Amino acid sequence: MVSLENSALFQHLGPDDIAALRQIARERAFAAGQQVFAKGDPGDGLYVVANGLIEISVAVASDNRRVFAKLGPGEFFGEMAVLEFKPRSATATSAENSVVYFIPRDELLAMVERSPALAFNLLREISRRLRDFNQQYISEILQSERLAIIGRFARSIVHDLKNPMHIIGLTAELSGMEKATPESRKNAAKVIRQQVDRVSEMVGDILDFTQGSTSKTLMSAGDYGDFVRRTLEEIRPEAERRGCRIESAEPPDAKVLLDPKRLRRVFYNLIHNATDAMPVEGRVYVRFRLNDSEVITEIEDIGGGIPPEIMGKLFEAFTTFGKAHGTGLGLSICKKIVEDHHGRIWAENPPGAGARFSFALPLIKNSGDANSV
């Protein structure tokens with residue numbers, strides 16, 4: 001059993017103060033599970049644990065309590081309600097058979113006024129406890145935020161994967177019909193293969209992002225116009241099933257270094273974001289600009305535009321708007337892919353339109369040198 005003078009709060013007091021403390025302290029015994037005080041009770045005094053274990057808890061639901069402190073011999077509790085003259089903000093319960101010293105509020109405050117050493121000790125111990133509590137609170141908040149991010153991240157992945165999986169299922173069903181021709185089955189196999197590749201690319205991009213690794217982009221010289229035409233041909237049926245029409249200008253004949261699998265992800269993400277931001281019968285415009293050093297692709301919708309408050313952090317991870325299950329991860333992946341292609345990407349709200357996302361890719365300066373951009 002710990003004596004009062006061995007408590008951290010009182011161990012530096014002189015003999016006179018200790019003697020006065022013993023005169024006012026009262027021992028109280030509590031059985032296991034018995035409340036010392038409940039939230040809302042008057043702050044009538046300070047408690048010091050002599051032996052046993054005291055749990056400090058708060059109710060987080062009607063049938064659930066959260067223990068945020070366990071106090072053993074020598075530790076004190078109940079000090080804030082005493083100093084603030086306010087009701088108890090938490091409940092103290094004896095976790096096992098315990099004995100505590102109870103020091104009434106009025107007598108304790110009189111001692112604090114007479115003893116600078118006690119006032120200093122009380123201030124120091126409260127400060128230490130607040131620092132510990134803040135650290136615990138921060139850790140729990142960070143953990144809670146991590147879990148929330150993981151949840152949103154998982155929903156976003158499922159949301160993105162549902163589209164190709166739906167196409168695979170529908171195509172497989174059509175190709176298995178008795179009236180399906182050999183040509184239609186051949187086309188169905190092609191569509192399914194494309195969607196399987198797309199799922200594989202999506203998973204690869206997500207793993208690259210979450211692992212924080214630098215993706216090795218295998219680029220080769222290619223005709224940007226041919227690449228865009230093939231990519232839009234793949235995306236257009238899915239966009240139409242979502243009630244959106246893609247209107248594209250003729251892409252320019254431009255030689256660029258590109259990784260077709262990864263760059264295709266940029267078109268998918270930007271166009272799908274646009275379809276999510278618009279009502280049924282929306283339209284997405286794909287335009288191109290060519291100058292001496294780069295080819296610029298613009299993808300514009302007729303939605304409500306980008307909220308100004310998130311424009312500056314639009315390409316940061318987990319920034320999202322306008323999507324019930326979005327995380328903003330898609331735009332972060334777009335930025336990474338474009339920058340891996342030595343390009344740049346940006347967003348704006350043009351007058352009289354919705355949102356416009358643009359990205360620029362450098363042209364190959366010397367057609368005979370695939371490494372020159």
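Mentor: Ser-115 has a relative accessible area of 2%, so this residue counts as buried. The model is a predicted one. Ser-115 sits in the loop between helix H3 (105-114) and helix H4 (116-175). Leaving aside residues up to four places away in sequence, Ser-115 touches Leu-13 and Asp-17.

For the chain as a whole, 42% of the 373 residues are buried. Its secondary structure comprises nine helices and 15 strands. Of the contacts in the chain with a separation of 6 or more, 73% are between residues 24 or more positions apart.

Next come the charged pairs. Side chains of opposite charge can pair when their charged atoms come close. The chain has 16 salt bridges, among them the pair Asp-44 and Arg-88, whose closest N and O atoms are 3.1 Å apart. Arg-88 is buried at 3% relative accessible area, whereas Asp-44, at 37%, is partly exposed.

Helix H6 supplies a pair of another kind. Arg-229 and Asp-226 form a salt bridge with the closest N and O atoms 2.8 Å apart. Both residues lie in helix H6 (residues 224-241), and because they are three residues apart, about one helical turn separates them. Arg-229 is partly exposed, at 30% relative accessible area, and Asp-226 is also partly exposed, at 34%. Asp-226 and Arg-229 belong to a network of salt bridges that also links Glu-250 and Asp-253.

A further salt bridge joins Arg-264 to Glu-234, with an N to O distance of 3.8 Å. Arg-264 is in helix H7 and Glu-234 in helix H6, so this pair, 30 residues apart, links distant parts of the chain. Glu-234 has a relative accessible area of 19%, and since buried means under 20%, the residue counts as buried. Arg-264 is buried too, with 15%.

Helix H7 also packs against helix H9. Two packed helices are described by the angle between their axes and the distance between the axes. Here, H7 (residues 260-276) and H9 (residues 329-340) meet at an angle of about 145°, with axes 9 Å apart. Their crossing is left-handed. From H7, the contact is made by Arg-262, Leu-263, Arg-265, Val-266, Asn-269, Leu-270 and Asn-273. From H9, the contributors are Gly-330, Leu-331, Ile-333, Cys-334, Lys-336, Ile-337, Val-338 and Asp-340. By type, the residues of this contact divide into eight nonpolar, three polar and four charged.

H7 in turn packs with H9.

Note on methods:
Residues are numbered from 1 along each chain as its sequence is written. This is a predicted model: local features need pLDDT of at least 70, side-chain atom pairs count only at pLDDT 80 or more; totals for chains, interfaces and linings use all residues. Side-chain values use heavy atoms; hydrogens and water are left out. Axes are lines fitted to C-alpha atoms, for helices over the stretch in contact, and angles run from 0 to 180 degrees between N-to-C directions. Helices (H or I, at least four residues) and strands (E, at least two) are DSSP runs, numbered from the N terminus. A crossing is left-handed if the near helix is turned anticlockwise from the far one by less than a right angle, and right-handed if clockwise. Contact means heavy atoms within 4.5 Å. Ala, Val, Leu, Ile, Met, Phe, Trp, Tyr, Cys and Pro count as nonpolar, Asp, Glu, Lys and Arg as charged, and the others, Gly among them, as polar. Buried means under 20% relative accessible area, exposed over 50%, partly exposed in between (1.4 Å probe, protein chains only). A salt bridge is a side-chain nitrogen of Lys or Arg within 4 Å of a carboxyl oxygen of Asp or Glu.
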